[in-house]
Amino acid sequence: MMKKIILLSSFLVLSMGLLAQSNPIKIVFDITSNDEATHQATLRHVSMMSANYPDSEFEVVVYAGAYPMVLQENSTVSSEILQFEGNDKVSFVVCEATLKRHQIKPSQLLAGVKTVPDGILEIVTKQGEGWGYIKEAHH
């Protein structure tokens, strides 16, 4: 009897895992921190999730103090971001208001990073479209 329960439990867990991987997800990552460990954690999460859910969509929204993350000269995660260039399932966007406030030109951004008029509005819009939400922070 115990063997049947274990076998059934294993089958259910495996089935749920396969079901979860077959249903595409959409997640928006909210990043405002200038902390490099937070930048690294964000890229680790996006890399792992996009590999495990290749049919899913992920967007990293950068604003406030996080803007150095996407600058050619300042990014400590540039190679990790650039690995997604040309991947239409993973996008990195930065708030135009943040760029303006810090006198950053779009030409200073890493290749493939796009701009949006307002980072918060971008996140709220995605949530309204049913996207999941992750606030990135590292302590």
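Does K135 count as buried, partly exposed or exposed, and at what relative accessibility? At 38% relative accessibility, K135 counts as partly exposed, where buried means under 20% relative accessible area, exposed over 50% and partly exposed in between, with a 1.4 Å probe and protein chains only. This is a predicted model, in which local features need pLDDT of at least 70 and side-chain atom pairs count only at pLDDT 80 or more, while totals for chains, interfaces and linings use all residues. Residues are numbered from 1 along each chain as its sequence is written, and side-chain values use heavy atoms, with hydrogens and water left out.

**Salt bridges**
- The count comes to three salt bridges, each defined as a side-chain nitrogen of Lys or Arg within 4 Å of a carboxyl oxygen of Asp or Glu.
- K135 and D30 meet in one of them at 3.3 Å, N to O, linking strand β5 to strand β1 across 105 residues; helices (H or I, at least four residues) and strands (E, at least two) are DSSP runs numbered from the N terminus.
- D30 counts as buried, at 4% relative accessibility.
- K126 in helix α5 and E59 in strand β2 are 67 residues apart, and their side chains form a salt bridge at 3.9 Å, N to O.

**Helix α5**
- In α5 (residues 119-128), the buried residues are G119, E122, I123 and K126.
- Seen down the helix axis, these residues fall within an arc of 95°, so they line one face of α5; the arc is that of the directions from the axis to the C-beta atoms.
- On the other side of α5, L121 and G128 are exposed.

**Buried E136**
- E136, in the segment after β5, is buried yet has no salt bridge, and the nearest side chain of opposite charge, R44, is 7.3 Å away; here Lys and Arg count as positive and Asp and Glu as negative, with His and the chain ends not counted.
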